[in-house]
Amino acid sequence: MNMQSPPPKRELGQCFVATVTLAHGGGGKAMKDLIDDVFISAFAPGAPQALEDQARFDLGALASHGDRLAFTTDSFVVNPLFFPGGDIGKLAVCGTINDLAVGGAKPLYLSCAVVIEEGMEVETLRTIARSMAQTAHAAGVSIVTGDTKVVERGACDKIFITTTGIGVIPRGCELGIERIAPGDGILVNGLLGDHGAAILCARGDMALETAIESDCAALHGLIADLLHAAPNTRCIRDATRGGLATVLNEMAEASNCSIEIDEAAIPQRPEVRGFCEILGLDPLYLANEGKIVMAVPPDEIEAALAALRAHPLGRDAALIGHAGAGEAGRVTMQTVFGGRRIVDMLVGEQLPRIC
Amino acid sequence: MKYADEFRDREKAQVLIREIDKLAASIRVGRTRPIQIMEVCGGHTHSIFRYGLEGMLPESIELVHGPGCPVCVLPMGRVDDCISIAEREGVIFTTFGDAMRVPGSKKSLLQAKATGADVRMVYSPMDALTIARKNPDREVVFFGLGFETTMPSTALTVLQAEAEGIRNFSVFCNHITIVPTIKAILDSPDLHLDGFLGPGHVSMVIGTAPYEFIAEFYKRPMVVAGFEPLDVLQSIWMVLQQISQGRAEIENQYARIVPTAGNAAALAAVTRVYELREFFEWRGLGSIDHSGVRLREAYAAYDAERKFAIPNLKIADPKSCQCGEVLKGIIKPWQCKVFGTACTPEVPLGALMVSTEGACSAYYQYGGIKRQKTMVPA
């Protein structure tokens, strides 16, 4: 389906049943009504038009933003679908926007492909689609194409969403993980671990009640401000699955530098620290959905910090360490206690400790 | 964070390190080998690596990471038994998180879950009982695991199940007891250990009296230690004080949590529900007499071992594995023949590579910094 090119307008179909069945994936009227009711009305309100099988872009308009396309895709599976601070729809939009933005790109267009488990409530689907639409609208990004599949109960967990994004990289913007050099400052834009802790709490397995909210947010505005203030920023990565520790290891490995961070400088919410203490989890490995890690040359660190802190999504930004000329690929941490330890990649999933 | 940050104070640590340096230097005179102190408990091992304590200590002190990680010392045959229960029709198998990854001879619980077994992670045995209440048509089995620290909560859950008349709940009991194991280590002929950090949370339940034999018969000092980094440093300092003054006593650094007499209510529940097994198999250490407990006859209805036919096969540790020697401090983890090659955290051969509290896994993931400069024990 395509929601781009100009009218003629048409009547939107409506879905009158409460739950999704395999009939909604059959390619007939039921499917068309579901797509119209749930997705088109959310993503392209007020401009219903004939649908093509692809979105079409004017190359000239794209080229006005820069000289290279950025193209990325990501699938989103999360349990529960709704959690404090967000939902799977918001996550699916922000995640792909951020994957474009950390390459310096201005995010422009998204696709949205959903796999729905039969039995899903249509109203829940509407809520998710509205959340995607609101998030995209606020970010100045259009959802321009998509796909809907329905699978048998048990073949997927409620809903899986895949978003693909296209953005344009401005001329002269050259971010790259291999450009990190000894002496560079390692910066983060705020409190770490909120998303991972919020999701673990929301699952309810741990019977812990907290007020921790996911940090899920689109960061392209913040990144634009950063690159304006510190144009020689070497690279930006979003610290999603695997957390800060994983990104730092990727940075050290790709650049052949060592990285040393200072545990005391890592911004963390006391609630997240307490949560990790109770369950025996290491906050360095908790997922984030609105946090980036940056390497910035020494003479631009101050400017970068000031720009980050001036933005609502970077208020708690901090310099947490430096790249060095030590053992290539090695990440170490000065602990709060004054000792030093290696920060390695996680082997598997983090599991709560017994005692 | 209250009750945590005050025990992680960098400046107090420096004061203690200076005192430890002085004491270690005075003890060092005339010695040809390092001062070996064993932290019995995996929780201490975790703190030591988490805060980088080894690198802060003088080189003449060597920390030997003991057998107190219940996840690590679980033998493969018992994991196989878990999987055979978990894969039975109608069973919900509940377990603490970090036991999910422990490899059996064929697979781990995590792998059994991936191939269809209903394995669920719980934070407390009471959560397992809740699952049993909600699923009256299913058999809910709790994987009872751990030292005296977790033993009382399993016992109380069994008593609660009995009080409520819940019949679809049982415990696969693998609880073990630390004292016979410390004794087995002390009886080993090639032992070099000079002193112990005693397990804090175990002692919160059993008190300090059960360790008296260590001082009395084996003439080794032990300090029951807390788990924050300042606790560990202060306890090391207390052990060194004893060594330098020629004393061997059981001291309690963790008095804010550990009462000398232990916890009477917890001990009563433990005594009521469990009896000692004749022996229990430990991964890396072999069979140790009276080192495990089982449910008493009176609670047979809650005993998964009696309720289900389990294979109960003994699976020998791999021959190349040197966990036993690492546990006793005879070699360091990286001196093992298979460390980091045939035995890694992804594919652990030996007990100590299994959980982050295991010495080998800790060295593999956090180690390296002090490794190059540590002395080889004489």
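Student: Which residue in strand 5 of chain B is the bridge partner of B:Val91?
Tutor: That's B:Glu139. Keep in mind that this is a predicted model, where local features need pLDDT of at least 70 and side-chain atom pairs count only at pLDDT 80 or more, while totals for chains, interfaces and linings use all residues. Residues are numbered from 1 along each chain as its sequence is written, with chains lettered from A and ligands numbered from 1 in the order in which they are written.

Student: How do you know that strand 3 and strand 5 of chain B pair?
Tutor: Two strands pair if DSSP finds at least two bridges between them. Strand 3 (residues 91–95) and strand 5 (residues 139–146) of chain B are joined by 4 bridges, so they qualify. They run parallel. By the way, strands here are DSSP runs of E with at least two residues, helices are runs of H or I with at least four, and the numbering starts at the N terminus.

Student: What makes strand 4 and strand 6 of chain B edge strands?
Tutor: Start with the order: this open sheet has 4 strands, 4-3-5-6, with parallel pairing. Strand 4 (118–121) and strand 6 (169–175) of chain B each pair on one side only. On average, neighbouring strands of the sheet are turned by 25 degrees against each other, direction ignored.

Student: Which helices of chain B lie across strand 3, strand 4, strand 5 and strand 6?
Tutor: Helix 3 (residues 76–86) of chain B does, running at about 140 degrees to strand 3. Helix 5 (residues 125–134) of chain B does too, at about 175 degrees to strand 5. Axes are lines fitted to C-alpha atoms (for helices, over the stretch in contact), and angles between N-to-C directions run from 0 to 180 degrees.

Student: Over in chain A, why is helix 1 called roughly parallel to helix 4?
Tutor: Helix 1 (residues 29–43) and helix 4 of chain A pack at an angle of about 15 degrees, with their axes 9 Å apart. Angles under 35 degrees count as roughly parallel, over 145 as roughly antiparallel, 65 to 115 as roughly perpendicular and the rest as oblique. That makes helix 1 of chain A roughly parallel to helix 4 of chain A.

Student: What residues meet where helix 1 and helix 4 of chain A come into contact?
Tutor: From helix 1 of chain A you've got A:Val38, A:Phe39, A:Ala42 and A:Phe43, meeting residues of helix 4 that include A:Leu125, A:Arg126, A:Ala129 and A:Met132. Contact means C-beta atoms, placed from the backbone, within 7 Å. By class, this contact has 9 nonpolar, no polar and 2 charged residues. Nonpolar covers Ala, Val, Leu, Ile, Met, Phe, Trp, Tyr, Cys and Pro; charged covers Asp, Glu, Lys and Arg; the others, Gly among them, are polar.

Student: What makes strand 1 and strand 5 of chain A edge strands?
Tutor: The open sheet of 4 strands in chain A has the order 1-6-4-5, with mixed pairing. Strand 1 (68–76) and strand 5 (142–151) each have a single partner strand, so one side of each is left without a neighbour in the sheet. The twist averages 15 degrees from one strand to the next.

Student: How do you know that strand 1 and strand 6 of chain A pair?
Tutor: DSSP gives 9 bridges between strand 1 and strand 6 (residues 159–169) of chain A, in the antiparallel sense. A:Asp74 stands opposite A:Thr163 in strand 6. Helix 3 of chain A lies across strand 1, strand 4 and strand 6, at about 30 degrees to strand 6.

Student: Which strands of chain A does strand 11 join by 4 bridges?
Tutor: Strand 7 (residues 185–188) is joined to strand 11 (residues 318–324) by 4 bridges, running antiparallel, and A:Gly185 stands opposite A:His322. Strand 9 (residues 258–262) also runs antiparallel to strand 11, with 4 bridges, and A:Ser258 stands opposite A:Gly324.

Student: How many residues of domain 1 of chain A are in contact with domain 2 of chain A?
Tutor: The domain assignment, automatic or from a database, gives domain 1 (22–169) and domain 2 (177–342). 21 residues of domain 1 are in contact with 20 residues of domain 2. Helix 3 of chain A gives the most to the domain 1 side, with 8 residues.

Student: And which element gives the most to the side of chain A that touches chain B?
Tutor: Helix 8 of chain A, with 4 residues. In total, 23 residues of chain A are in contact with 37 residues of chain B. The chain A side has 11 nonpolar, 5 polar and 7 charged residues.

Key: Two residues are in contact if their C-beta atoms, placed from the backbone, lie within 7 Å.
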